[in-house]
Amino acid sequence: RSAPRSFGSLLFFVMARGLVPIAVPVLVNADASLSAFDGLLGLFGRDETLTISPTQRLIGLGVVGFVVVAAALLSVRDNRARPRRALLIDLGELGLLSVFFVLTPAVFAVGMYFLVWHSPRHILRLMACEPRQQALLDKGRSLAALAAFHREALLFTVVPLIGVAAIAVALAATGAAQIAAVSLAVIASLTYPHAAIVAWMDYRQ
């Protein structure tokens, strides 16, 4: 968003947006979430089953709740002299994400989050950074701008899909759990360059 934040507000904003989609599914629905991590860690020779005690779960939920509430309060403070729309967006996002991840099964919630929420926001941001696509957006030609984006992203979309298909074929005999674990490891390895690029974009903007 374009409205400036204080350092504290920015810190809790980032922490809340990260903790809610990543920590809440594990804390609320530990069995389904940790089974996926068991398969991933099994690739690296760890055979122990991951567990979360009731005390750890309670502490984790308390930390996440504190961060979300702090982010909301700091947003209220920072937006006092600004149009109410920015505040409503902040509070609406926090509330919607929190409720969604608490009430929705963990694996489905994470998948839908990245497909419906996380990815489109990055796509729109990238389109706004590309002059020709931004010009099309400014003229109200959203479909043309989206088509231009997908032409540029075609190679970066097809190659990973081929890679996932290759993994599935290579591991077909090992079962779906092994395929999911390897795919998760590949996706996790892409998180760091993705975060680095987004951080660089934040710095430049």
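At 53% relative accessibility, I22 counts as exposed, where exposed means over 50% relative accessible area, buried under 20% and partly exposed in between, with a 1.4 Å probe and protein chains only. I22 lies in helix α1, and its C-alpha atom is separated by 9.5 Å from that of A106, which is 84 residues away along the chain. The model is a predicted one, in which local features need pLDDT of at least 70 and side-chain atom pairs count only at pLDDT 80 or more, whereas totals for chains, interfaces and linings use all residues. Residues are numbered from 1 along each chain as its sequence is written, and side-chain values use heavy atoms, with hydrogens and water left out.

## The chain as a whole

The secondary structure of the protein chain comes to 9 helices and 0 strands, and along the sequence the pattern reads α-α-α-α-α-α-α-α-α. Helices (H or I, at least four residues) and strands (E, at least two) are DSSP runs, numbered from the N terminus. Taken along the principal axes, the C-alpha atoms fill a box of roughly 55 × 45 × 30 Å. Of the 205 residues of the protein chain, 25% count as buried. The accessible surface of the chain comes to about 13,500 Å², of which 72% belongs to carbon and sulfur atoms; such areas come from the Shrake-Rupley method with a 1.4 Å probe, and for residues only the protein chains shown count as cover. Among the contacts in the protein chain with a separation of 6 or more, 58% are accounted for by residues 24 or more positions apart, contact meaning heavy atoms within 4.5 Å.

## Helix α3 and its neighbours

Helix α3 has 25 residues and reaches 36 Å from its first C-alpha to its last, close to the 36 Å expected at 1.5 Å a residue, the expected span being 1.5 Å times one less than the number of residues. The buried residues of α3 are G60, V64, V67, V68, A70, A71, A72, L74, S75 and D78, and they pack against α1 (7-28) and α4.

Two of these residues can be followed further. S75 counts as buried because its relative accessibility is 1%, and, leaving aside its neighbours within four places in sequence, S75 is in contact with S9, L87 and D90. D78, also placed in helix α3, counts as buried at 12% relative accessibility. With neighbours within four places in sequence again left aside, D78 is in contact with R5, S6 and S9. By contrast, D78 and R141, 63 residues apart in sequence, are 34 Å apart in space, C-alpha to C-alpha.

## Two helix pairs

The axes of helix α3 (residues 54-78) and helix α4 (residues 84-103) come within 9 Å and cross at roughly 170°. That makes α3 roughly antiparallel to α4, given that angles under 35 degrees count as roughly parallel, over 145 as roughly antiparallel, 65 to 115 as roughly perpendicular and the rest as oblique. The axes are lines fitted to C-alpha atoms, for helices over the stretch in contact, and the angles run from 0 to 180 degrees between N-to-C directions. In this pair, V68, A71, A72, S75 and V76 of α3 meet L87, D90, L91, L94 and S98 of α4. The residues of the contact of α3 with α4 divide into 7 nonpolar, 2 polar and 1 charged, where Ala, Val, Leu, Ile, Met, Phe, Trp, Tyr, Cys and Pro count as nonpolar, Asp, Glu, Lys and Arg as charged, and the others, Gly among them, as polar.

Helices α1 and α5 pack at an angle of about 150°, with their axes 8 Å apart, and are therefore roughly antiparallel to each other. Here R17, P21 and P25 in α1 meet A106, V110 and Y113 in α5, and the residues of this contact divide into 5 nonpolar, no polar and 1 charged.

## Partly exposed positions

A128 lies in helix α5 (residues 106-129), and V186 is found in helix α8 (residues 176-189). At 40% relative accessibility A128 counts as partly exposed, as does V186 at 38%. The table sets out C-alpha separations for these two residues.

| Residue pair | Separation in sequence | C-alpha to C-alpha distance |
|---|---|---|
| A128 and S33 | 95 residues | 35 Å |
| V186 and L136 | 50 residues | 35 Å |
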